[in-house]
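Hello,

Here is the structure I promised to pass on. Please open it first, then read my notes below.

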Amino acid sequence: MHLLETKDLGIVFGGLQALNELHMVIDDGEIVGLIGPNGAGKTTVFNLLTGVYVPSGGAIRLEGNSIIGKKPYQINRIGIARTFQNIRLFKNMTVADNIKVAMNQNMKYKILTAMFRLPGCWRQEREVDKKARELLRIFDMEDTADQMAANLPYGQQRKLEILRALASKPKLLLLDEPAAGMNPTETRDLMETIRDIRGRFNVAILLIEHDMSLVMNVCERLYVLDYGTLIAEGSPDKIRKNEKVIAAYLGC
Amino acid sequence: MGGTKKSIGVSYIINTTLVVLLFFVLLIFINTGVIGRYNTQVLTLVCINIILAVSLNLVTGVLGQLVLGHAGFMLVGAYASALFTKNIGLPLSISFPISLLLGGLLAALFGVVIGIPALRLRGDYLAIITLGFGEIIRVVSYNLEITNGAKALSGIKSLSNRQNPSPMFIYAFLIAVFIIVILFTFGRSRHGRAVISIREDEIASESMGINTIYYKLFVFVFAAFIAGVAGGIFAHNYGTIDPAKFDFNRSVEILIMVVLGGMGSITGSIISAGSLTILSEKLRDFSQYRMILYSVILIIVMLFRPSGLLGRYEISVPKILRYIKKRSSNKKVPPEAREE
Amino acid sequence: MDFTTHVINGLGLGSIYALVALGYSMVYGIVQLINFAHGDIIMVGGYSVYLIMVMNGLPAWIAIPASLIICAVMGMLIERIAYHRLLVHNAARISLLITALGVSMFLQNSFMLLFGSEPKAMSIFDSQPINLGSLVLDFSTLLNISVSVVMMIGLQLLVNKTKIGKAMQATSEDAGAAKLMGINTNNVVLFTFAVGSALAAVGAVLYCNTYPQIKPDMGNLLGLKAFVAAVLGGIGSIPGAMLGGYALGVAESLTKAYISTRLTDAIVFSILILMLLVKPTGLMGKNRKEKV
């Protein structure tokens with residue numbers, strides 16, 4: 001059984017077929033790239049996988065179970081977490097609180113327990129605080145824990161978004177252009193981190209990226225979209241030589 | 001939210017002591033007649049408005065959804081509890097607390113009915129729907145038999161009397177303190193974080209596993225409940241109510257308290273509710289100009305300081321003391337240094 | 001009165017809602033703001049006509065265009081003074097809403113201070129009942145319906161056939177892209193407020209003609225109902241706003257005739273709640289997806 005499997009997945013926006021019969025599989029612990037020219041429908045795939053859009057047709061299965069019709073928060077709870085192309089942090093919350101929001105689903109205490117500060121509340125809050133700070137250490141960001149997220153520099157904001165997604169304990173992590181706006185050194189660091197995350201959290205990663213060096217280096221397999229249609233799939237080497245892909249990127 | 005455990009503990013003790021002290025000082029003044037009947041009523045109104053402001057702050061400041069019909073929920077609570085104590089035939093000391101609960105529950109029920117359609121949708125529907133609700137509920141209560149129509153519903157008994165002037169104040173004060181405390185603890189829990197995350201970015205919040213509709217509905221309905229309770233106290237504090245007491249202007253007055261106090265700051269709401277209530281009681285002759293002034297304040301604050309006059313920061317005595325101490329020892333302290 | 005008469009009277013009332021709803025809908029379509037002050041623009045329109053006709057004794061053909069211009073200028077002023085700064089800074093929606101509320105309160109309360117809160121009587125055109133076969137209709141009803149139809153056709157032409165209309169469509173679709181295409185979106189927003197407010201003035205004239213009195217808070221319920229009409233028809237859609245207005249007018253007229261006069265407003269409001277439960281996009285609204 002695959003971790004994630006889509007079959008004939010498609011969506012129509014007001015007459016425009018934004019995505020057409022996408023077949024895609026991702027297995028445990030894989031790092032897979034989703035590439036294609038601007039407007040090819042990559043982010044649409046993410047929005048479908050996370051329940052933001054409801055597909056017009058086809059199937060999405062996570063560990064064999066269909067997730068179509070589930071709400072975004074339900075999909076996150078059963079194991080798919082994402083980052084956003086244009087960073088969506090909780091800007092006026094602290095860095096640690098950003099992460100704790102994602103950990104909310106694994107905390108148990110009820111609203112009344114919170115209002116009367118019963119013991120369960122204290123204990124779980126201490127635990128979650130410790131966990132959040134541990135998570136921040138991965139990116140050497142533990143010093144920023146009590147800062148407002150809005151005050152972080154751009155690169156750290158991107159990293160915080162990844163950490164926040166990881167905090168929800170996903171089986172599949174979707175990264176939407178994680179290297180956007182980063183310089184080559186930062187991008188190289190990011191590659192290391194992505195591999196590191198996969199090993200440490202035992203998570204499969206699907207990433208959208210325009211930086212070809214990152215994609216070719218980190219991803220084990222690639223899917224290439226153009227005008228909403230899958231035009232190629234396979235190993236980076238195979239994709240590099242694929243004529244349809246070259247044509248799509250050069251626009252011939 | 002730094003601060004060691006010890007300093008948090010000390011803060012709690014200092015704040016609690018001050019509140020208890022304030023309570024007893026006021027109580028002694030009322031019972032000895034230093035604070036007269038009228039001023040006791042005003043003090044009770046201050047507590048009622050504080051309850052209203054902190055509950056609206058929960059929805060508008062913390063959750064980030066504009067509610068323009070808070071007076072409507074107050075109206076529902078006021079009539080429900082007044083009609084209950086008038087007709088049930090139990091001694092007031094028993095029926096009054098029950099009536100408050102009842103008023104709150106009925107207001108909450110209205111909250112559910114209008115919250116479900118409005119909050120499932122993204123965007124500003126809640127503002128207009130609550131505005132509509134506030135207007136309509138008033139029109140309806142003008143036209144119903146049970147509310148005595150446009151004629152006021154009078155003869156609502158008060159627990160306070162000449163011999164014993166304080167019970168209404170005690171009720172209002174204790175309920176206000178209780179609500180403030182649970183809103184504080186709620187705001188600093190996992191649930192509070194979830195609610196704030198919805199204000200910050202609803203889409204991100206949902207994609208991080210937060211059931212946004214559930215939290216939005218809970219917060220809105222809870223605030224409606226509190227407003228209903230406040231309405232019940234209000235009715236019994238004045239003895240006479242009519243629909244005009246709960247019009248759009250009252251909703252706006254509560255909103256002003258929240259905006260001036262700072263969107264999301266509970267202490268800010270308390271301070272501005274207290275001062276605005278007393279101010280508008282003293283400036284009754286200028287009430288014509290009051291609404292114009294309010295509207296100008298709203299526009300200016302939103303244009304130049306959208307998070308409200310005091311922002312999101314909470315004020316506490318220990319914090320002020322520490323700030324002064326640090327100031328006097330000539331260390332630079334960022335103004336946003338905040339602790340529990 | 002029979003059923004047909006009630007329906008036609010409802011259409012007459014609905015025409016006013018429709019004209020006001022158009023303003024809400026257009027502004028919402030362009031800047032996604034519920035312009036609470038829109039209802040009060042109607043009031044301003046009513047008082048302008050009153051000032052010019054009743055107090056200065058000038059004829060209607062001067063008063064009506066003048067009130068249109070006054071309202072259009074007022075709409076633009078409001079946009080520039082109160083909303084512009086927030087719109088260009090991309091402020092939180094709630095700040096915009098509170099500002100809009102402030103503007104609405106300001107207009108209402110300053111008119112209350114200037115003219116008093118008691119209603120003022122005025123009439124614009126002489127209204128005589130007209131016999132059409134077995135139907136007896138007010139002149140104002142027929143006037144309302146025909147004016148609203150003409151206005152909608154005009155507005156459709158404006159939006160679809162003119163350059164500024166196309167710029168409005170583009171701004172509504174994607175303001176950022178419109179800007180990159182060389183459209184001055186600031187002017188488009190300003191123009192939209194002007195047109196919406198002028199339509200509100202037309203609504204005001206028709207309203208004052210039908211119910212010959214004005215007061216400072218007349219915009220409240222009228223504005224609220226017009227907004228309900230805009231949501232009912234699908235906010236952002238011009239034909240939708242018209243359809244919503246007519247539907248609401250007819251529903252109100254029939255409720256008054258057959259169910260209850262006193263609870264009409266409550267019933268109208270329940271229609272909004274039901275609509276949002278069943279079809280939140282309204283009768284003719286498109287489902288606009290937020291970009292993620």
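**Chain A: two domains**

In chain A, 11 residues of domain 1 are in contact with eight residues of domain 2. Three elements of chain A each give two or more residues to the domain 1 side: α2, β7 (172-176) and α7 (184-201). The largest share comes from α7(A), with three residues. By class, that side of domain 1 has seven nonpolar, two polar and two charged residues.

Where do the domains run? The assignment for chain A gives domain 1 as 1-79 + 170-252 and domain 2 as 87-168. Taken over C-alpha atoms, the centres of domain 1 and domain 2 of chain A are separated by 27 Å.

The predictor gives the complex an ipTM of 0.93 and a pTM of 0.91.

Chain B has a mean pLDDT of 89, and 94% of its residues reach 70 or more. Which elements of chain B have the lowest and the highest mean pLDDT? Helix α13 (residues 317-328) of chain B is the lowest, at 77. Helix α9 (residues 212-238) of chain B is the highest, at 97. One stretch of chain B needs care: over residues 331-340 the pLDDT is below 50. Beyond near neighbours in sequence, that stretch has 16 contacts in the model. Where pLDDT is low, the predicted coordinates should not be read in detail.

Chain C has a mean pLDDT of 89, and 97% of its residues reach 70 or more.

**A helix pair in chain A**

Look next at α3(A) and helix α5 (residues 119-137) of chain A. They pack at an angle of about 115°, with their axes 9 Å apart. The two helices are therefore roughly perpendicular to each other. The crossing of α3(A) past α5(A) is right-handed.

From α3(A), the contact uses Val95(A), Ala96(A), Ile99(A), Lys100(A) and Met103(A). From α5(A), the residues include Val128(A), Ala132(A), Leu135(A) and Leu136(A), and also Asp129(A), Lys131(A) and Arg133(A). Counted by class, this contact has eight nonpolar, no polar and four charged residues.

**Where A touches B**

28 residues of chain A are in contact with 25 residues of chain B. On the chain A side, the elements giving two or more residues are α2 (72-77), α3 (95-103) and α4 (111-115). The residues of that side divide into 12 nonpolar, seven polar and nine charged.

Helix α2 (residues 37-63) of chain B packs against two helices described here, α6(B) and α11(B).

Take helix α6 (residues 167-187) of chain B first. Its axis and that of α2(B) come within 8 Å and cross at roughly 20°. That angle makes α2(B) roughly parallel to α6(B). The crossing is left-handed. On α2(B), the residues that meet α6(B) include Leu43(B), Cys47(B), Ile51(B), Val54(B) and Leu58(B). On α6(B), they include Phe169(B), Phe173(B), Ala176(B), Ile180(B) and Leu183(B). What classes make up this contact? There are 17 nonpolar residues, three polar and no charged.

Now take helix α11 (residues 266-282) of chain B. It packs with α2(B) at an angle of about 140°, and the axes are 8 Å apart. That makes α2(B) oblique to α11(B). Here the crossing is right-handed. Val42(B), Leu45(B), Val46(B) and Asn49(B) are among the α2(B) residues in this contact. The α11(B) residues include Ile270(B), Ala273(B), Gly274(B) and Glu281(B). This contact divides into 10 nonpolar, five polar and one charged.

**Where B touches C**

32 residues of chain B are in contact with 36 residues of chain C. Which elements of chain B each supply at least two residues to this side? They are α4 (92-119), α5 (125-143), α10 (248-261) and α12 (287-304). The residues on the chain B side divide into 24 nonpolar, five polar and three charged.

Best wishes

How values were computed:
Residues are numbered from 1 along each chain as its sequence is written. Chains are lettered from A and ligands numbered from 1 in the order in which they are written. This is a predicted model: local features need pLDDT of at least 70, side-chain atom pairs count only at pLDDT 80 or more; totals for chains, interfaces and linings use all residues. Two residues are in contact if their C-beta atoms, placed from the backbone, lie within 7 Å. Helices (H or I, at least four residues) and strands (E, at least two) are DSSP runs, numbered from the N terminus. Ala, Val, Leu, Ile, Met, Phe, Trp, Tyr, Cys and Pro count as nonpolar, Asp, Glu, Lys and Arg as charged, and the others, Gly among them, as polar. pLDDT is the predictor's confidence in each residue, from 0 to 100. Axes are lines fitted to C-alpha atoms, for helices over the stretch in contact, and angles run from 0 to 180 degrees between N-to-C directions. Angles under 35 degrees count as roughly parallel, over 145 as roughly antiparallel, 65 to 115 as roughly perpendicular and the rest as oblique. A crossing is left-handed if the near helix is turned anticlockwise from the far one by less than a right angle, and right-handed if clockwise. Domain bounds come from an automatic or database domain assignment.
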